[in-house]
Amino acid sequence: MPKILYVEDEADLREDLVEILEEEGYDVATASNGKEGLSELLRFLPDLILSDCMMPVMNGIEMLTEIRQRHPQFSSTPIVFLSAHAQKAHVEEGISTGAQHYLTKPVDHDTLLALLRDTLSAQETQTGRTNDNPAAECRLTGSE
Amino acid sequence: MAAPGSGGTTPKSAPKPGSRRFLTVSNKLAALGALCISVGFVFVIWIQTDRARAQLYEVALHRNTHTTELIADQLYGPVRWRKPAIVQQVYDSVIANSDLGVVAAITLDRHDALLTVYQKNASNPIDISGFLDDENADPANTGHATTTLHNHFVVIAPVMSRDGLDRAGTIALAWDLSSLDRMSHDMMVQAITVTFGLLAAFITLSLLIVHRYLSQPLAQIAAATNRIANGDKGLEVPWTGRKDEIGDMARSLVTFQENVALIDRLTAEQQQQTQRLANALEKEREYNGLHREFVTMVSHEFRTPVAIIDGAAQRIDRRIGKDTPDQLMERTGKIRNAVNRMIELIDSTLSVSRIEAGTIELELGECDFAALLKDICQRQQEISKHHKISVTVADMPQSIVIDAKRMDQVFTNLLSNAVKYAPDDPKIDVKAGIIGENVVVSVRDSGLGIPKEELPKLFEKFFRASTSTGIPGTGIGLHLVKHLIELHQGSIKVDSIEGQGTTFSVTFPIRQSAHEATTTDADSRPAALSA
């Protein structure tokens, strides 16, 4: 059962998405900012990270940078951003930091679930074959 | 003055005057003049002396010829009868005892045989017999002849009888020429001495005059020019009163000085203008940056509640017939909260436009302020369950006159800020009381704080402190709060220590009756309009 870490500071949004993900059968852990996200990451060892960008204490971009620099064991763990920042510059920043996908809020739940499924299965085949650079497969999903 | 100079425009400092003070133009001119005059004088003196010497010679020749003829007259007898002793006697009495200057004499008889020889200075005899070889001294003549011999002047004369028919012999008298030469030499030396003495006096005087009236003023004007060039603005230029070229030069320098001052002033004004433009541009750029950030944040702030509403709606849709009434209520509650957030955002965004247009007007009415404040705190507490908001209200009158809706906006803003910028520090203190005639409310958090240097900008539109990174916000809340408090004739101030927390203190005057409120409201309106 794939494990997803969901980092989001808006409790109302978080609750909804956790419900959906659990209904789909994912094992879900949550955090309300990047800093909590990092400690959850080390404890929970997720297969995929779904994260908001703009959060207090530590934002999603900072968290991702930290993961890519300090925690090489998660270098192939895919990250999907789900942010209310919809400008092109934000999307590009997210992707260039090393995220697989950048979705903008509000998001269609079915689209999100399909994307998570795809990303996880692609990840599985890739880790099954080689431990290649996951960024090579990145797709620009969200934009304005 | 040299400081603002850049890009090769630094003014050169003028050369130091006086380093070649001796070689001034006027001194060089004077020296050249003196040299020319000296050469001229030497030439003139030389010519004059030469002419004087010739005149001396002529006078001497005339006198000596006469003397020789007189003596020859007296010697006819003794020479005729060949009595050398008598001749010698005549010489001794006439020549030696008189002041005729004769240094030697000889007498010849009619056959040109030597009769007598007279030497005035026997120890240094002068041989003048050689004159016989001279063509000028032809003894056959009846007339006299002159010649110079061994630097001596010799006059030869025939010794004749009174009737002039018989020539008894010849005499020759010699004068020392060196005395004449000495005399003319002395004259020349004297002339030169006097001339050069006068010349020296004249040159000295000329130099003094040139120095006093030309060199010195020129040097002073040059020095003044240097000082002006080096930036001395208050300098008084000398010699402006003179009515000649020096005066013209001095007056030109004054004009130049005035122009320099004018240019300085214009340059300074231009620099100020440039600085003002640069400042305005910088401010504009800053404002544009803030505005861009504001648009980004407003978009984010709208999208977040929309996402909540959309999320809840999708859930309801998917779970039709499965959700319990409680679950449904929870979802609608989320939707309503999100809608409220959007309304607040719309309100504050619109309020800012109204501040700019100056069209915010208070709707004053009696209000239980203590209850209002507690209500606001409670609402915030329900939203932010991690925080602990404590409210203390002391001595508040039952009812004061305010615009309750605007006051609600003010304290909702301050409280939501306190919660938002203290994500890890749950303690929020709200205290309200009366000081004098004023209501004072403080809202304190123990959160991120604001850097000291950013405090003065905190109430500017769109400004967000650097410590707010990652925290959603539009930068208009505090701007609006300040304006609304000022509409209530109040003020807001902020104390903050970065990393330790922030306290906002709101102060506004108490108005207790609606009647008073109406009058005060009338007073406040122009302020509102002009704001």
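Residues are numbered from 1 along each chain as its sequence is written, while chains are lettered from A and ligands numbered from 1 in the order in which they are written. As the model is a prediction, local features need pLDDT of at least 70 and side-chain atom pairs count only at pLDDT 80 or more, whereas totals for chains, interfaces and linings use all residues.

Chain A comes first. It has 5 helices and 5 strands; here helices (H or I, at least four residues) and strands (E, at least two) are DSSP runs, numbered from the N terminus. Read from the N terminus on, the elements of chain A go β-α-β-α-β-α-β-α-β-α. Of the 144 residues in chain A, 47% are buried. A residue gets that label if 20 or more other C-beta atoms lie within 10 Å of its own, counts as exposed if there are 12 or fewer, and is partly exposed in between, with C-beta atoms placed from the backbone. Contacts tell another part of the story: among those in chain A between residues at least 6 apart in sequence, 65% join residues at least 24 apart. Two residues are in contact if their C-beta atoms, placed from the backbone, lie within 7 Å.

The 5 strands of chain A form an open sheet in the order 2-1-3-4-5, with parallel pairing. Two strands pair if DSSP finds at least two bridges between them. At the edges sit strand 2 and strand 5 (101-104) of chain A, each pairing on one side only. Ignoring direction, neighbouring strands of this sheet are turned by 20 degrees against each other on average. Angles run from 0 to 180 degrees between N-to-C directions, and axes are lines fitted to C-alpha atoms, for helices over the stretch in contact.

What does strand 1 of chain A pair with? Strand 1 (residues 3-7) runs parallel to strand 2 (residues 27-31), and 5 bridges join the two. One bridge in this pair links A:Ile4 with A:Val28. Strand 1 of chain A also runs parallel to strand 3 (residues 48-51), this time with 4 bridges, and there A:Val7 has A:Ser51 as its bridge partner. Strand 1, helix 1 (residues 11-23) and strand 2 of chain A make up a right-handed β-α-β unit. For a crossover, right-handed means that, with the strands pointing away from the viewer, the path from the first strand over the helix to the second runs clockwise.

Helices pack in chain A too. Helix 2 (residues 34-44) and helix 3 (residues 60-70) of chain A meet at an angle of about 35 degrees, their axes 9 Å apart. On the helix 2 side, A:Gly34, A:Gly37, A:Leu38 and A:Leu41 take part, and they meet A:Gly60, A:Glu62, A:Met63, A:Glu66 and A:Ile67 of helix 3. By class, this contact has 4 nonpolar, 3 polar and 2 charged residues. Ala, Val, Leu, Ile, Met, Phe, Trp, Tyr, Cys and Pro count as nonpolar, Asp, Glu, Lys and Arg as charged, and the others, Gly among them, as polar.

Chain A also holds a cis peptide bond, running from A:Lys105 to A:Pro106, with omega near -5 degrees. A:Pro106 is in the loop between strand 5 and helix 5 (109-129) of chain A.

Where the two chains touch, chain B brings 20 residues and chain A brings 18 residues. On the chain B side, helix 5 (245-318) and helix 6 (325-357) each supply at least two residues. Helix 5 of chain B gives the most, with 13 residues. The chain B side divides into 7 nonpolar, 8 polar and 5 charged residues.

A few residues of chain B deserve a look of their own. B:Arg82 has a positive phi of about 50 degrees although it is not a glycine, and it lies in the loop between helix 2 (76-80) and helix 3 of chain B. B:Arg82 counts as partly exposed because it has 15 C-beta neighbours inside 10 Å. B:Trp239 has a positive phi of about 65 degrees, again without being a glycine, and lies in the loop between helix 4 (177-229) and helix 5 of chain B. With 19 other C-beta atoms within 10 Å, B:Trp239 is partly exposed.

Is B:Ala96 buried or exposed? B:Ala96, in helix 3 (residues 84-96) of chain B, counts as exposed because it has 12 C-beta neighbours inside 10 Å. Leaving aside neighbours within four places in sequence, B:Ala96 is in contact with B:Tyr91 and B:Lys120.
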